[in-house]
Every structure is written in C-alpha cells, then in structure tokens.
There are 2 protein chains.
Amino acid sequence: MSLQVVAIRDAREAPIPLSQPGLSSLFDRQPLERFDAGSAVFWEGDDAAHLFQVTAGILRAVRLLSDGRRIIVGFLRPGDLLGVSLKDRYLYTVEAITPVALRRLSRRRFEEEIRRQPQLRDQLFSRLCDEMTAAQDQTVLLSRRSADEKVANFLLMMSRDEFGNCTRIVDIPMTRLDMADYLGMTIETVSRTITKLTNSGIITATGRRSMMVLKMDALRSLADGDNGETGCCQRVRDMPPHRDGLTVWKSA
Amino acid sequence: MSLQVVAIRDAREAPIPLSQPGLSSLFDRQPLERFDAGSAVFWEGDDAAHLFQVTAGILRAVRLLSDGRRIIVGFLRPGDLLGVSLKDRYLYTVEAITPVALRRLSRRRFEEEIRRQPQLRDQLFSRLCDEMTAAQDQTVLLSRRSADEKVANFLLMMSRDEFGNCTRIVDIPMTRLDMADYLGMTIETVSRTITKLTNSGIITATGRRSMMVLKMDALRSLADGDNGETGCCQRVRDMPPHRDGLTVWKSA
DNA sequence: CGATATTGTAACAATTTGTAACTGCGCTTT
DNA sequence: AAAGCGCAGTTACAAATTGTTACAATATCG
C-alpha cells in the first residue's frame, strides 16, 4: 500500500530529476518468499545481512526484556521495508502474524544501490523521518494516554486503508496479546476496554477478529488529545495525510 | 560533547574520503545566540525555518495534548542538533532548561550544504538512525517498565558523561515535573521513587539538583531489563558505546 | 468432534495517581 | 539581617486505574 502510494508519487510529481525508480524497484526482481503465520523472518541479535520488503500479510516487530516482558515496537504492512540498518545486528525480532510474502535483498547490494542512486537515498531518508515522527507519536501515546485512549487510537489506526481514510469495517489480524504488548497494557485491560466500547454502542463485533465502527466521531473524540490542528484522528503510525514537522536532533 | 566525539572521529579514522568537515562545521561560523532558562527557542507548529546546534546548556523538547497533558519527547545537550526536518513545521516546542547558547542556520542553507556535501548527508542519516534507536528504547521504557525502573534508567542516563561513561556525581538540571513528563509519571511518584532509592542507600542527595550514586551496580540492576547482551545500563538515549542494530521499516 | 488456544468476565491485589498539607530553600522586602 | 513570600519538592493518606488470578465461553485446528 505504501508501495503503491510512493509508486504513484514517483510517476506523477517526481520530486527527483526524472521519474526514477523508487526504493521498491530494488526488490521487484527478487523472488517471493513465503512465511507461515507465527514464523519469524529474523531474530533480535541476528546478523543484519538482509533487507525485506513486505508484499503481502502483516508482521510484528518484537523486543523482549530479560524477564519475559514483551514489547511490540510496530506492525508491518505490505509495502513496508524491514531490515534497513546502519548497525550490524537486528534490533528486534520480526514475526509473521498472518501468512506473509516478502522479497529479500542483501544488505551489501542494497547499500551499493543506495550509493549509486542518490534519489533512493533521499527516499530512504524521507522514510526514516516518517518513522521518526511515528515513533514520537507512539511515545506520546504510551506515556500519557489512558487505556481507553490507547485502544481508541489503535482501532482508528487499524481502520485506515492504504490512503489513510477510515473505513467502518475494521480487520484486526493480531491477537489481544499483540495489541496489549503494542499499547503497553494487559490483554484483560484491552478486553475490558473493547467491551466498554461495545457497550457504549461505539463499535460492534462482526467477527472474532473484525468489527464495525458505529460512531466514528465518538471513537475519534475518545482517541483525541493533541489533534486540535488536524481535527482528525491521532497520528499513531502510517498516516499519510497531514503529517507535520518531524524535528530531529543529535548533532554532528 | 557529541560534537567533540564526531570531530575526533572525523580527524582520525575518517570513514569518508579525506577528513572532511562534519555536520557541526556548518554552524561554526554562525554567531552565538543566548536564551535564558525557561525561554523557548521555537514552538510546536512554527514554521521550521531554522536549524540550531546546541553549544552550551540543556533544553527540553515538549509536546502538549489539547487537555494540557505534557510530554517531554527528549532532552538536548551540547552538540545536539535541533530542527532537522523534512516537514515544514516544528513538531514540538523546544525550551531552555538552563541558560543556553545556540548557533542558528537557515534550513535553506542547511539543505543546500547537505546536497552539496554527500558525506554530510551520510552523517545526518547516521544520526537519524541513532535517534530512531533511542526513540525505540524510550518506547520500551514507557510501555513496560515500572516507576522504579524508569527512574533508575533516567538517573543512569543523566550520569553519563560525553563519552558514555557513568559518573558517580549526577547533575539534574531539570525539575521533577520535567522528569515526570519525560518518564510518563507524576511528580509525586518521581519524588517517592527517589526517596526510596535514597533510603535504600543506592543514591544520596548532594544538593538540591545533584546527587551521588553510592551503589552503581544496584542502580544498574534496577534499571535492568533487556541488557543481557551489553551487560551495561539500559540504552535510553545518548549512549555512544555498544549501540546495536537499528532496524527501520517503511518501504518505498 | 474433541483438544487447544484465544477471548471474555469477574473478584481481588498491587501499583500508581490524586489531594492536600507541610518542609525547606532562595529571594525580596523592609 | 529578619520577616515574609513563593516555588520546588516531599510525605501521608485516600482513590482510581491497572494488573493478577481464576475460570467460563467461544473459536480454531487437527
């Protein structure tokens, strides 16, 4: 999905000299690799020898504390790149939530191409910036939001299609545990909160792992917090429209 | 401090053709600007027209939710860059905690130079990667750590000198409120936790805003969690040594 | 169709927060 | 220099939220 968006951008308004190939073009020729739901693509600490592009399916990026506490640092969707790194080891484990199809590229090759094609570097940089913004929004979410707000935000995030629009039917491929470990709460609290939302008539279950949003506005105002400017839902991750200024520090 | 480290790196083992100027060289010629403690360098939502390099003092990067909840996204120290952005508005407010000295550069000029000097782009990219790693560590800290662990981590972070070594004397220029808004807790809990650490003989107050670590190991094991590999303190931010693999996603 | 895993519910416990009074330090004022 | 003020920080106690534990209900998979 992100893939499509960028491809479109490349073709149309090419911010680079000519309409040159995007980052995803590096993977186009690579064979598809499939992973079963639950299997790991790579492990935290592994040699970071490859990069992957998600073609189909959903994955989770997991970190573990030594005492077993689990943190899901993010979910990956089609079009997302994983394994980009300047370091030599993966920082987290990536596991398939649904069956997944990926294309693999060696890191050596990737870096060569990045070096050769400056516009790819620009794209990579831009992507990193977006990632950074998302990470900060996640920080805000985790540090100062109640269980209700967290879940509302999560549901809104999941309700977005590839263009950032909110759909009423929401598919939730991950388990409650995944949600909990992403939002920094327990499955029980997640469960309670969803029950509460259902009882208030804001959402309704349409299946075990899918639901419908009945009152989108109510859900938005629950998720609300700092979105005075956009008026729209909280920017948790992966929200193309209305992203505003990332600001990085760390000097030279 | 980061500034020095990089300068040294440039001079010695130059990962780039010759020993070319670092990012900070862009700011060297700019005049010093001073800000009083408590004053803002820029505001969330402002036009992101300039970049700044911290020469002296400590600052905080603050975001506000509409209902007044405050989140400190990070603290900035000498050598840190602020205002790097691909977007056109600052994402957060930056305020001086202590009196501060900065050098300012227009964004236009910065981007020109980045475009002209590829090795600067490399440095910027590398810095972004570090930032990303730090942001993820912060995510872990906020989502799955108890008050004790958070405060222990914070104190260890503050106890690091410019080379990443832990000093016994810790200076804490920020208020309890700043700490609380950074760690996602209340001032009372911060205070109670520090008292607890003092009563356990792990730290001792040496002044209103400074303390001494009496049992560094105990503090480390409190802060502990996922540091099996490094054996060292939690990587919260700004820890030069032993940083391991950042892995970014978000495709092309 | 039965075994297993996931999810939901509820009572109870632990942690964290909220409230509010109080201390101590630094500053101004007299 | 002493008194008075204000602010940051601390502490005690009550309240709320979230986490724990246990068990029932439901789906999923072989």
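1. B:Cys129 is buried, at 1% relative accessibility. A:Cys129 is buried too, with a relative accessible area of 1%. Buried here means under 20% relative accessible area, against over 50% for exposed and in between for partly exposed (1.4 Å probe, protein chains only).

2. Some ground rules. This is a predicted model, where local features need pLDDT of at least 70, side-chain atom pairs count only at pLDDT 80 or more, and totals for chains, interfaces and linings use all residues. Residues are numbered from 1 along each chain as its sequence is written, chains are lettered from A and ligands numbered from 1 in the order in which they are written, and side-chain values use heavy atoms, leaving out hydrogens and water.

3. How many disulfides are there over all chains? The count is 0, taking a disulfide as a pair of cysteine sulfur atoms within 2.5 Å.

4. Now the DNA. Around DNA strand D sit 17 residues, each with a heavy atom within 4 Å of the strand. The closest are A:Thr189, A:Arg192, B:Arg176, B:Ser191 and B:Thr195.

5. Which side chains reach phosphate oxygens of DNA strand D? Among them is B:Arg176, with a polar side-chain atom 2.5 Å away. For A:Thr189, an N or O atom of the side chain lies at 2.8 Å. B:Arg209 has a polar side-chain atom at 3.1 Å.

6. H7(B) supplies the largest share, 4 residues. Helices are DSSP runs (H or I, at least four residues), numbered from the N terminus.

Notes. Polar contact = N/O pair within 3.5 Å; in protein donor to acceptor, adjacent residues only side chain to side chain. Helix = DSSP H or I, 4+ residues; strand = E, 2+ residues; numbered from the N terminus.
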